Amino acid sequence: DAYFANAFDAVLLNKKFDKDSIKIRGKLGDGSFGSVSYAEDTDTGRELVVKQAKSVQGAAQLQNAEEYMNRRVRRAPLVASGCAKYLGSYEVVEGASSPTLVWAFEGDVTLEELIVRRDFPECVEELLYGGAQGGDDYAKRTSKVAKSVLRNLLSTLAGLHDIGIVHRDVKPANLVFMGRKFKLVDFGAAADLRTGKNYEPEQGLLDPFYSPPENFIMPERIPAPPPLRPLTASLSPLVWGTFLPDLFDSFSAGLVFLQMCVPQLRGRKVMDPNGSFRRLLEENNYDLRKWRKVVEPQGWDFSALDANLGLGWDLACRLVCKRNFLQRGRLGCNTALLHPFFWTP
Ligand code: ADP
Ligand code: MG
């Protein structure tokens, strides 16, 4: 079995691209550790996305971790179908400290770009169903679109968690519309809890915008190192059972859901930990019900969450909240998918 998995991995998942046939056509993203470009394989005419590590401290290590995560994901077909299609790698110079990673380019619009458009949710209805749906009841239509995106996202995350991977960078900019649905990209911050890989990355790597409060990494609060590092591999079930790291992703998914449903939250920078939304949330101890009492009188629109008997609102409150150490208090992705909100049309 292991032999087959390795052979399969080597043949199918470790395709070495010929660096001379790959032509970079334009920039898609520019993070602090890597840059992402749109490219073409001139041998096959295939459109690609390539990610190259920058020459900064720690970048090569993260790039190697990202390659590892992508290869693991490709081996789990059901999970892989919810993520960008990873194709392989190549080395720009021989003996490079990390490879350049290659994915199929399958779509060019992210949920982030769609959320800020004036015609949201129509623009997403157009992509998902090929046209406007459900008459002209704004609340019902928004709820339907948000439900579909959230269900899809939670399923992908639940699958990832099942194979031991936490993404830790779930946000609209990492959801790319490809073919028929939004797929998850960017495993640069992901951790594999079965092996401990990338569990404890460079400090400050995790993007604080969509992070849950327990993982807030702020300059003035230096986080203590996680206690289990050398034991992570052997104690993996304990890590899941005690630290419930999957709740990181379900919180972020909850924020994405809130953003789709509440028009006042549909901006690019609203989730800034120093912005008014996250600050007010913190002041209210991450209790959405309390927070709502403050902003609703100011005219904030909760109609999309109140549609469907308020089930969307109930789910939002169970995702975007504090977690307790042992009794959760926040739904994981698998459990969230069982919420009655998803039973409604
Ligand atoms: P970064 O670390 O810079 O955030 P990402 O992997 O998120 O890198 O890629 C940056 C951007 O490139 C994404 O936000 C998305 O717009 C685009 N992108 C990444 N992968 C793909 C892909 N497979 N297909 C289409 N676009 C992609
Ligand atoms: Mg990204």
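**Briefing: fold, cores and ligand 1**

Buried residues (under 20% relative accessible area, 1.4 Å probe, protein chains only) make up 52% of the 345 residues in the chain. This is a predicted model, in which local features need pLDDT of at least 70, side-chain atom pairs count only at pLDDT 80 or more, and totals for chains, interfaces and linings use all residues. Residues are numbered from 1 along each chain as its sequence is written, chains are lettered from A and ligands numbered from 1 in the order in which they are written, and side-chain values use heavy atoms, with hydrogens and water left out.

**Fold**
- The chain contains 13 helices and eleven strands, taken as DSSP runs (helices H or I, at least four residues; strands E, at least two) numbered from the N terminus.
- Of the contacts (heavy atoms within 4.5 Å) between residues at least 6 apart in sequence, 63% join residues at least 24 apart.

**Nonpolar cores**
- A nonpolar core is a set of buried Ala, Val, Leu, Ile, Met, Phe, Trp, Tyr and Cys residues joined through side-chain atoms within 4.5 Å.
- The largest has 65 residues, of which L258, L288, W291 and L305 touch the most other members.
- Helix 6 (residues 138–162) gives the most to this core, nine residues.
- Domain 1 (2–104) and domain 2 (109–343) both contribute residues, so this core lies between them.

**Ligand 1**
- Ligand 1 is surrounded by 18 residues (a heavy atom within 4 Å), the closest being A104, G107, A173, N174 and D186.
- A polar side-chain atom of D186 is 2.9 Å from an oxygen atom of ligand 1.
- A backbone N or O atom of A173 lies 2.8 Å from an oxygen atom of ligand 1.

Note on methods:
Buried < 20%, exposed > 50% of the residue type's maximum accessible area, 1.4 Å probe, protein only. Domains from an automatic or database assignment. Polar contact = N/O pair within 3.5 Å; in protein donor to acceptor, adjacent residues only side chain to side chain.
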